[in-house]
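This briefing examines selected features of one protein model. Please consult the sequence and the three-dimensional view below while reading.

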Amino acid sequence: MKVPVILNGEKIILDVTPQESLMKVLHRNGCTSVKSGCDKGFCGSCTILLNDKPVASCKIPAGLVKDKEIVTLDYFSKTETYQDILEGFTKAGIKLCGYCNAGKIFSAYQILKLAKMPTRQDIESEVKNLAPCCTDFDTLVNGIIYALRIRNKKIERITNNKES
């Protein structure tokens, strides 16, 4: 089955079997940041952005992604938002293991997209189903809070410069 998608900013046609997991298809197409972990959607290793929302690609049948936009961590890592998240994680003491990075980073991205400043409880609710292998829950929440502060300071600087 041929499935047209936008993968990491490029229009391509994926050759898939309808029930095959999107994770396997992405692996086959050279997306090395999409890892195979629990195959149940909890570890975060296979997380991608599907139409700008984090999803576990191991749980998505490849036949259902026709005309969708897919972003992997390989591509996302070139963005300013990624740098803000990475800086926040570093400040919290999170050492990215390379395995479950996508789940943590894309969960943080989802929170950073919010129009309002979330509470700690909002952040905890967003990441409660993740089971990252290299950091504890509180440190992950702290890393996201630091990333939010970093992003908000940048927005404040831009706003102040425009008003000047």
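This is a predicted model: local features need pLDDT of at least 70, side-chain atom pairs count only at pLDDT 80 or more; totals for chains, interfaces and linings use all residues.

Which residues of α3 are buried? They are Tyr 82, Asp 84, Ile 85, Gly 88 and Phe 89.

**Helix α3**

- Helix α3 comprises the 13 residues 80-92, which at 1.5 Å a residue should span 18 Å. The C-alpha atoms at its ends are 19 Å apart, which agrees with that expectation.
- When α3 is viewed down its axis, the buried residues fall within an arc of 160°, so they line one face of the helix.
- An α-helix has 3.6 residues a turn, so residues three or four places apart point the same way.
- Glu 80, Thr 90 and Lys 91 are exposed, and they lie on the other side of α3.

**Aromatic rings**

- The structure contains three aromatic pairs.
- A pair of aromatic rings is described by the distance of the centres and the angle of the planes.
- Phe 76 and Tyr 82 form an edge-to-face pair, with 6.3 Å from centre to centre and 85° between the planes. Both Phe 76 and Tyr 82 are buried.
- Phe 76 also pairs with Phe 106: the ring centres are 5.1 Å apart and the planes stand at 65°, so this pair is edge-to-face. The cut-off that this step needs is an angle over 60 degrees.
- Phe 76 belongs to helix α2 (residues 73-76) and Phe 106 to helix α4, so their pair ties together parts that are 30 residues apart in sequence.
- Phe 106 is buried, as is Phe 76.
- One aromatic cluster is formed by Phe 76, Tyr 82, Phe 106 and Tyr 109.

**The largest pocket**

- The largest pocket holds about 250 Å³ of space.
- Its lining consists of 13 residues, of which Gly 41, Pro 54, Ser 107, Glu 126 and Leu 130 are the closest to the centre of the pocket.
- Three elements, β4 (53-56), α4 (101-112) and α5 (120-127), each give two or more residues to the lining of this pocket. The element that gives the most is β4, with three residues.
- By type, the lining of the largest pocket divides into five nonpolar residues, seven polar residues and one charged residue.

Terms used. Residues are numbered from 1 along each chain as its sequence is written. Side-chain values use heavy atoms; hydrogens and water are left out. On a 1 Å grid over the protein atoms alone, a cavity is a set of points where a 1.4 Å probe fits but cannot get out, and a pocket is an open set with protein on both sides within 12 Å along at least five of seven lines; lining residues have an atom within 4 Å of a point. Grid points are joined across faces, edges and corners, and a volume is the space filled by probe spheres set on the points. Helices (H or I, at least four residues) and strands (E, at least two) are DSSP runs, numbered from the N terminus. Ala, Val, Leu, Ile, Met, Phe, Trp, Tyr, Cys and Pro count as nonpolar, Asp, Glu, Lys and Arg as charged, and the others, Gly among them, as polar. Rings of Phe, Tyr and Trp (its six-membered ring) pair if their centres lie within 6.5 Å; planes under 30 degrees apart count as stacked, over 60 as edge-to-face and the rest as tilted. Buried means under 20% relative accessible area, exposed over 50%, partly exposed in between (1.4 Å probe, protein chains only). The expected span of a helix is 1.5 Å times one less than its number of residues. The arc is that of the directions from the helix axis to the C-beta atoms.
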